[in-house]
Structure formats: structure tokens, C-alpha cells
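These are my notebook entries on one structure. I record what I looked up, entry by entry.

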Amino acid sequence: MQRIDIFLTSELSGGLAAFRHDDFDVVLHRWSDFAELPLLEGALWLFIDWVLPEMSGLELCRRLRADPLTQTAHVTMVLEEDNQEDRKRALRMGADDYIVGPLTRATLLDRVLGASIGEQESTGLRVLAQGELTVDVAAFQARWQGKPISLMPNELRLLRYFIEHPGRVFTRTQLIAALGKQEPAVDERTVDVWIGRLRRALKGVGAGNPLRTVRSLGYVFDTV
């Protein structure tokens, strides 16, 4: 199965329930604060409203294209009306396409599932790296200097998230949210267990300890 993660900046008529169709698992997310995206398991689509509370949709599109983690995502601008000049501005700012709102679940799924499989595959990250430490997303495998690192799923996903955001301090609550572990609720101290296992695994293969504890805040992945 191929997963597609869809983020929307507004409410969706028809709801955000996950959807399965043939070889696709489609997971929908409401994205309201424009903070860091959680850990993504599949191809990334974003439906951006033309008008947003704190900035324009055009500005958000510009920021997405400037971020290495989202620069290859599929961005659809949701226009308030079918205006030729607005369409041109959206495409010039980096949107892949546009659709006239209000957006409904049916039109969204038709748009996403109607795209070519090749386009979907091109949006997904495959190998992430910080120095000689790599995470092969497709193979679900971490390596140090080419040698496999034995990690449990939560620790591997946590390492991937840190590699995607080097030098950023994350609280335990943020890390739980990034891994999609809010439901059922996960105790914040569980993060300490994940971190401990990840540190031991990295040290065991000679990768040192790039995970630094920031007192009273959380953890940060340090780069050399």
C-alpha cells in the first residue's frame, strides 16, 4: 500500500476520516498553527487556503517551497473564486495547481487519487542523512557508516524526525505529537525511554551521542 498524507488549512466538509482506495491509504490532517509538520509516512499533499488568519496562502506557499522538507510536496491552492490573476499568482509562487473552494471531501479525494502514481512517488523522501548517520525511509533502516543500526520502530521514527530537524529543541509533548502518539495518550516520560534506547543504539555502533538533553525543555539533535 502507498500512503498519502494530506494537510488542510481549513475545515473539510465530509470530515477527515482516513480513506483506502486500491493501493492507496489516504490520511487527512487539519493543519492550523503552521508549526512543524509531524513525522510523515507517505507522499505529502497540502491544500492551502488563499486567505489565512495570520498570513496569505501565497506567503505560506513560499515558505513551504523554501523548506527542504516540503519543497517537493504537492501544493494545491484553494481559491475563493475562479480568478485568472489569482491562478497565475498561485502558480508563480510555487503551487502545483489550484482548486476553487469551498473544498469538499469528495473533490479533494478525486483530485488526489486522480494524480499519477509516478507523481505521488516523486514527492516522498527516501534517504535522510546527517554526516555518516542515515535513515533509509523506504527500507525503514538506520545506518552508521553504512552499517545497520538495530532500532525499534518508535526509536527509528524518532531518529528520523531529529535528522529532519537538526539543531531544534523539542519538548517531550512535541515529540509525542510528531510521532502521532496522542491517541491513546502516551506519558511524557515514555519519550525518555525512547531517547535512552536510541542513545544506546547509536553509541553501540560508534555514532556517539548527538542527542543532547536541554534541561527543563527537552532534547535536541546536535550536528558537528
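Is Y161 buried or exposed? I found that Y161 is buried, because its relative accessible area is 3%; buried means under 20% relative accessible area, exposed over 50%, and partly exposed in between, with a 1.4 Å probe and protein chains only. I note that this is a predicted model, in which local features need pLDDT of at least 70 and side-chain atom pairs count only at pLDDT 80 or more, while totals for chains, interfaces and linings use all residues. Residues are numbered from 1 along each chain as its sequence is written, and side-chain values use heavy atoms, with hydrogens and water left out.

**Entry on aromatic rings**

I searched the whole structure and recorded four aromatic pairs. Rings of Phe, Tyr and Trp (its six-membered ring) pair if their centres lie within 6.5 Å; planes under 30 degrees apart count as stacked, over 60 as edge-to-face and the rest as tilted. Y161 and F170 form a tilted pair, with 5.2 Å from centre to centre and 50° between the planes. F162 and F170 are edge-to-face, because their planes stand at 65°, with the ring centres 6.4 Å apart.

**Entry on R105**

I placed R105 in helix α3, residues 105–113; helices (H or I, at least four residues) and strands (E, at least two) are DSSP runs, numbered from the N terminus. R105 counts as buried because its relative accessibility is 16%. I then looked up where its side chain reaches: the backbone oxygen of G15 at 3.1 Å and the backbone oxygen of A17 at 2.9 Å.

**Entry on salt bridges**

I counted 13 salt bridges, each being a side-chain nitrogen of Lys or Arg within 4 Å of a carboxyl oxygen of Asp or Glu. One of them joins R30 and E11, at 3.3 Å from N to O. R30 lies in strand β3 (residues 24–30) and E11 in the loop between β1 (2–8) and β2 (19–21), so this pair ties together parts 19 residues apart in sequence. R30 is partly exposed at 34%, whereas E11 is exposed at 61%.

Another salt bridge joins R197 and E155, whose closest N and O atoms are 3.9 Å apart. R197 belongs to helix α7 (residues 189–204) and E155 to helix α5 (residues 153–164), 42 residues apart. I recorded R197 as partly exposed at 35% and E155 as buried at 1%.

Notes
A polar contact is a pair of N or O atoms within 3.5 Å; within protein, one must be able to donate a hydrogen and the other to accept it, and residues adjacent in sequence count only if both atoms are side-chain atoms.
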